[in-house]
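I opened my notebook to look up a few things in this structure. I go from the whole chain down to single residues.

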Amino acid sequence: MLTVDVAVEGLKGDDIAKLEQELVKIPGVFNLQQDPLGNSTVYTFDFDGDLKKLQRQIEAIEYPGLRRQRVVANLQYL
């Protein structure tokens with residue numbers, strides 16, 4: 001299992017909710033939490049699956065800022 005942080009800059013209002021809805025649709029994503037951090041919005045969630053596939057799925061979401069962002073995964077061994 002991975003804990004993944006996705007930071008996106010410049011999200012406002014409806015965009016925050018739309019992105020959250022898209023993230024929870026991805027198979028293997030659960031325990032999604034969202035926190036503001038300065039001018040960024042950070043989504044933290046647990047993920048069970050292929051990290052490269054997750055990155056491609058996140059980049060395919062129709063929000064242009066995601067292509068400039070990076071996906072950081074923190075590995076946790078349980």
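I began with confidence: pLDDT is the predictor's confidence in each residue, from 0 to 100. I need that term because this is a predicted model. The mean pLDDT of the protein chain is 79. I also noted that 79% of the residues reach 70 or more.

Which elements have the lowest and the highest mean pLDDT? Strand 4, residues 71–75, has the lowest, at 55. Strand 2, residues 29–37, has the highest, at 88.

**Entry: the overall plan**

I looked up the elements next. The protein chain has two helices and four strands. Reading from the N terminus, I get the order β-α-β-β-α-β. The chain has 78 residues, and 31% of them count as buried.

Residues 24 or more positions apart account for 62% of them.

**Entry: the core**

Which residues have the most contacts inside the largest nonpolar core? I found Phe45 and Leu54. This core has 15 residues. Strand 1 (2–9), helix 1 (14–25), strand 3 and helix 2 (51–59) each give at least two residues to it. Strand 1 provides the largest share, four residues.

Leaving out residues up to four places away in sequence, Leu54 touches Val4, Ile26, Val29, Phe45 and Phe47.

**Entry: Asp46**

I found Asp46 in strand 3, which covers residues 40–47. Is Asp46 buried or exposed? Its relative accessibility is 14%, so Asp46 counts as buried. The cut-off I used is under 20% for buried.

What does the side chain of Asp46 meet? It makes a polar contact of 3.3 Å with the side chain of Thr3. I also listed what Asp46 touches, not counting residues up to four places away in sequence. The list is Met1, Leu2, Thr3, Gly28, Val29, Phe30 and Asn31.

**Entry: Glu20**

Glu20 sits in helix 1. Its relative accessibility is 31%, so Glu20 counts as partly exposed. Setting aside neighbours within four places in sequence, I found Glu20 in contact with Leu32, Gln34 and Tyr43.

Glu20 and Gln33 are 13 residues apart in sequence. In space, they are 8.9 Å apart, C-alpha to C-alpha.

**Entry: the salt bridge**

How many salt bridges does the structure hold? I found one. It joins the side chains of Lys25 and Glu22, at 3.1 Å from N to O.

How are Lys25 and Glu22 placed in helix 1? They are three residues apart there, so about one helical turn separates them. I looked up how open each partner is. Lys25 has a relative accessible area of 58%, so Lys25 is exposed. Glu22 has a relative accessible area of 31%, so Glu22 is partly exposed. The cut-off for exposed is over 50%, and partly exposed lies between that and buried.

Notes
Residues numbered from 1 in each chain as written. Predicted model: local features only at pLDDT ≥ 70, side-chain atom pairs only at ≥ 80, totals over all residues. Heavy atoms only, no water. Buried < 20%, exposed > 50% of the residue type's maximum accessible area, 1.4 Å probe, protein only. Polar contact = N/O pair within 3.5 Å; in protein donor to acceptor, adjacent residues only side chain to side chain. Contact = heavy atoms within 4.5 Å. Core = buried A, V, L, I, M, F, W, Y, C linked by side-chain atoms within 4.5 Å. Salt bridge = Lys/Arg side-chain N within 4 Å of Asp/Glu carboxyl O.
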